[in-house]
Amino acid sequence: QFYGGKKQGSILGDADFIERIKETFVSGDPDIEVPEKRTIRGEGVVVLVKKEICRAFKVDASYLFQGKRGAANIPRLMALLLSKELSGLKLSELGFCFGFLNYRTVGTHCWRFRNKIQEDKGLGKKYSSLMKICSQEKT
């Protein structure tokens, strides 16, 4: 069951245990250096971004894992780029969060989507709006 399940976070355990770990090592003393702190915080940002994207586009979270060659999944691409900008996660870690097998694919999608939002003003405004929302909730 464990290996067949959906993507696993960096902390394994029941909800109470995970919350205790986050309170102790993530929300606690900012001077404590915990190697996993960046990953844990980054994954939290990705969860927030996914929630806001689903709300804004009125799609289910499973839609953010769907990709079809030749067809742009705008909510997925926007969530991916926002997560890259805000989370501090590596491309390979972001790929894991969105179901990509290769970190280069993540980089390529982000680069192409950034160009797309610069060309499409409406899409750019939506991206900026969601960036503002996710940035404020992050801090």
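I started with burial: of the 139 residues of the protein, 32% count as buried (buried is under 20% relative accessible area, exposed over 50%, partly exposed in between, with a 1.4 Å probe and protein chains only). This is a predicted model, so I kept in mind that local features need pLDDT of at least 70 and side-chain atom pairs pLDDT 80 or more, while totals for chains, interfaces and linings use all residues. Numbering runs from 1 along each chain as its sequence is written, and side-chain values use heavy atoms, with hydrogens and water left out.

**Fold.** I counted six helices and zero strands (DSSP runs numbered from the N terminus: H or I of at least four residues for helices, E of at least two for strands). Among contacts between residues at least 6 apart in sequence, 59% join residues at least 24 apart (contact means heavy atoms within 4.5 Å).

**Helix H3.** I looked up Leu-82, which is found in H3, residues 74–87. Leu-82 counts as buried because its relative accessibility is 0%. Leaving aside neighbours within four places in sequence, I found Leu-82 in contact with Val-49, Ile-53, Tyr-127, Leu-130 and Met-131. One of these, Tyr-127, is 45 residues away in sequence, with 8.0 Å between the C-alpha atoms.

Beyond four places in sequence, the contacts of Arg-76 include Phe-65, Gln-66, Phe-98 and Phe-100.

**Helix H5.** I checked the buried residues here and got Val-106, Cys-110, Phe-113 and Ile-117. They cover an arc of only 75° around the axis, so they sit on the same side of H5 (the arc is that of the directions from the helix axis to the C-beta atoms). An α-helix has 3.6 residues a turn, so residues three or four places apart point the same way. On the other side of H5, I noted Arg-104, Trp-111, Arg-112 and Glu-119 as exposed.

**Loop between H2 and H3.** Lys-58 is in this loop. I read its phi as near 55°, a positive value in a residue other than glycine. Lys-58 is exposed, with a relative accessible area of 74%.
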